[in-house]
Amino acid sequence: MDDNAGASHARTVLEGPDIARALTRIAHEIVERTKGADDVLLLGIPTRGVHLARRLAARLGDIAGPAMPAGSLDITMYRDDLRLRPARALARTEIPGESIDGRLVVLVDDVLFSGRTIRAALDALGDLGRPRAVQLAVLVDRGHRELPIRADYVGKNIPTSLREAVRVKLAEEDGRDGVLLGLRESAPTPDR
Amino acid sequence: MSKTLIRGARVLGGAPQEVLIENGVVTALGTVAEAGGATVIEAAGRILLPGLVDLHTHLREPGREDSETVRTGTRAAARGGYTAVHAMANTFPVADTAGVVEQVWRLGREAGYCDVQPVGAVTVGLEGKQLAELGAMHDSAAGVTVFSDDGKCVDDAVIMRRALEYVKAFDGVIAQHAQEPRLTEGAQMNEGTVSAELGLAGWPAVAEESVIARDVLLAAHVGSRVHICHLSTAGSVEIVRWAKSRGMPVTAEVTPHHLLLTDELVRSYDPVYKVNPPLRTEADVRALREALADGTIDVVATDHAPHPQEDKDCEWAAAAMGMLGLETALSVVQHAMVDTGLLDWAGVAERMSFRPARIGRLTGQGRPVAVGEPANLVLWDPDHRAPVEPAGFASRSRNTPYRGRELPGRVTHTLLRGRATVADGALTDAPADTPADGARA
Amino acid sequence: MKRHLISAADLTRDDAVLILDTAEELARLSDRPIKKLPTLRGRTVVTLFFEDSTRTRISFEAAAKRLSADVINFSAKGSSVSKGESLKDTAQTLEAMGADAVIIRHGASGAPYRLATSGWIDAAVINAGDGTHQHPTQALLDAFTVRRRLLGPDGGLGRDLSGRRITITGDILHSRVARSNVDLLSTLGAEVTLVGPPTLFPVGAEGWPCEISYDLDAVLPKSDAVMMLRVQRERMGGAFFPTEREYARRYGLDGARMARMPAHAVVMHPGPMNRGMEITAEVADSPRCTAVEQVTAGVSVRMAVLYLLLGGAQPPAGQTPAAEPRGARPRTEENH
């Protein structure tokens, strides 16, 4: 899935300030739902989920006081579609603190689609320890779930068709913030 | 009374002529006026050569009939344009007695595709320790004059000296497989940049050259003939060239594969390229071609070495050494020597028929294409082009390094004393030709 | 990366860096409570060892098991290795058992290449050492170790060994480790120098992408890493050197020689070590010696190789698509 696929036809559905507002809102919701617990651990799913987790951690620090830890959770080796494509380079798994045991883990990702990535992330978490609870925060929920998974925190619900592609751009990776909606280049096989 | 007329063939590559053969002998040459009742072979565009003579053939019988027999080997020879082959002595049992050489000789006569001239072992069991009964082999029906421990080197200088001296009594020749054994222990391929990279034990050129140097000096010292088997390096060429310039009694052969293939092919680790001596470098190939052209190397000999598939269908180190040669030799020579302008067809006849017959002291083979001479002839279509297809080989084995490679030329007819062993490119039924007085009439 | 791993020479710089980076991520697995990944679940990996090498075999076995592959150990030693037909038959037997990868150790140079190219089997072939030819995963673990020591675990990510001077000392002639390392380390930009007595160099090594020296003392002060190869005592029978003592004196690494190396330079050894021959106990046990780290690195590197060869879609035979050639850091652009 080429990043530029349909880029010429893509339209922006969220601008930078929209993303910032969405993240701030999610941060407040997290504080609210976790009742200010001090054992919350944000784990971003590479690549963009990690940046989002860091941004959320910074906001949570602003709201709740002490800096909130943010790490990363690479799910490559747990994916169920590994055999469909050439082997991928691995990303970093970084768990701040001792371990995830007994903590409240909030998974952070950019787009929630089929739910398979989150399924893989739950498997990966299981191999790392036993959190007391796991929650999910996403910037965009585009629908079309293929597994019984839902997000606890959603920046924006964007109804899409399977022929469409959602692209999240973040300054850390892409030089600017924005969410684009365009047409997929390939046939609409629900894959992720 | 059989009568055959060949029309339009270019004798030794010269102008087209007609050749009339009656009762196995050439009876007219040039323009034949009267040829009533003759079988006519239309041969326009073909080259007429004397039947080829191979000084170095492994027929494997007795003992390794799974890889070749005298019959299959001589059928392969006929397809390659040969009318005489020298059968090497490294059979099981070794051809080191009159009994074994006579058996091989008789099997050749019975097959009837090609004269089989056995080579006798120099030493008992090819072990390099005790001289075999060279005289008895010479005096046998097989009339052996060429002796060789081929496959192994006669590395003991005293044994080599004695052998050279001994065969002077009957004008024999020792054909030396030049390979210093200590320098080639476990050797797998030519020693050089490729062996270094592939991690295969090196087979240094000096292992061949040092033995050749010793043996030309020994031959000169005792005044006997030495023949160098399958010479493979540029250094060997230089030594033979030097020896000949001093008038030393040495002759030398080169195989078709050493005229064409290099050790780069070993990168495939395909044992079809494993051979003794090993494939050498491009520079060696160039030197060998030049030496064959200028006469430093006297003859092309095939070292036809059949092996069953299981001996090649394995890892390199476990594989047997050797390649088929009889059915592709003339094609390789045309490709490497004629098409490159290094040799004309008369030169090919000299190196693949006349000279090898003289070295082996054959009297009925390697004769000129002339009135009154035995009609051992081959018709060659030099314009034919086709990839080598081992499935069509007459040999029992398939270990050719040329599979799929496009090579020029094709034998259309081979005549053994006037009788076709190959006609229109196909082997004839067993010609059952029993020479009245043998190859050495 | 190709479908098989036969020779270190087959790896491009980017292939090699990708393997090292992947291994670096996988190395972190050993700090986790569950040292296992589900990645190769349902895939069958066969170790086919025609030569004894417990160290290499268990390293591959551990790597495959940590990726959840099913591992079948096939020790073919003694079962008529000398006849090639057995290699073919054995290979086809493994194929029939559904092997997805065959990790082969063989005494004959070229046996893994033959296995991969003969059409006998479809499985991916990984060379675990063939004759005196290649041992690519050993070179990868050596490169991994030296990159970690010189650049750091994180500092090395995405980087090669440009400008690093690595000396390999010992029996070059009979060493598949030396050949693999010359290929891989030079691909990674290192300046490699081979040192040993002239009898233990192959004729033809002049063309290799490295320097050749017969004088260890001259090379030591200019080395960032010195790799000592095992020298087999049996070689004396081939008159490669006069006595063990003379070899040790001229080409062995002792404390005094180690002191002449730059302070940051490390000593490497592929093991098993011949203490007193090519390396003294003092050096072997010093913190500069990476022998034990190399063993640990072996598992990570072999996991990386197994993952990159088997973890993704199987490229059709004959084609050689890379594990995604996208540079050192992952840039996933996927819908989630």
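**View 1. Chains A and B, which no contact joins.** Chain A and chain B share no contact, and their closest C-alpha atoms lie 27 Å apart; here two residues are in contact if their C-beta atoms, placed from the backbone, lie within 7 Å. Among the two pairs of chains that touch, the most contacts are between chains A and C. This is a predicted model, in which local features need pLDDT of at least 70 and side-chain atom pairs count only at pLDDT 80 or more, while totals for chains, interfaces and linings use all residues. Residues are numbered from 1 along each chain as its sequence is written, and chains are lettered from A and ligands numbered from 1 in the order in which they are written.

**View 2. The contact between chains C and B.** This contact takes 24 residues from chain C and 18 residues from chain B. On the side of chain C that touches chain B, α3 (85-96), α4 (111-117) and α6 (176-187) of chain C each supply at least two residues, where helices (H or I, at least four residues) and strands (E, at least two) are DSSP runs numbered from the N terminus. The residues of this side of chain C divide into seven nonpolar, 11 polar and six charged, with Ala, Val, Leu, Ile, Met, Phe, Trp, Tyr, Cys and Pro counted as nonpolar, Asp, Glu, Lys and Arg as charged, and the others, Gly among them, as polar.

**View 3. The two domains of chain C.** An automatic or database domain assignment gives chain C domain 1 (8-134 + 298-310) and domain 2 (136-293), and the C-alpha centres of these domains of chain C lie 25 Å apart. Their contact takes 25 residues from domain 1 of chain C and 22 residues from domain 2 of chain C. On the domain 1 side, α1 (13-27), β4 (124-130) and α11 (291-310) of chain C each supply at least two residues, and α1(C) gives the most, with eight residues.

**View 4. Helix α2 of chain C.** Helix α2(C), residues 54-66, has 13 residues and reaches 18 Å from its first C-alpha to its last, close to the 18 Å expected at 1.5 Å a residue, a span taken as 1.5 Å times one less than the number of residues. Its buried residues (20 or more other C-beta atoms within 10 Å of their own, with C-beta atoms placed from the backbone) include C:Phe60 and C:Ala64. The buried residues of α2(C) pack against β1 (44-49), β2 (70-75), β3 (101-106), β4 and α11 of chain C. After α2(C) comes C:Ser68, whose phi is positive, near 70°.

Conventions: Buried ≥ 20, exposed ≤ 12 C-beta atoms within 10 Å, placed from the backbone.
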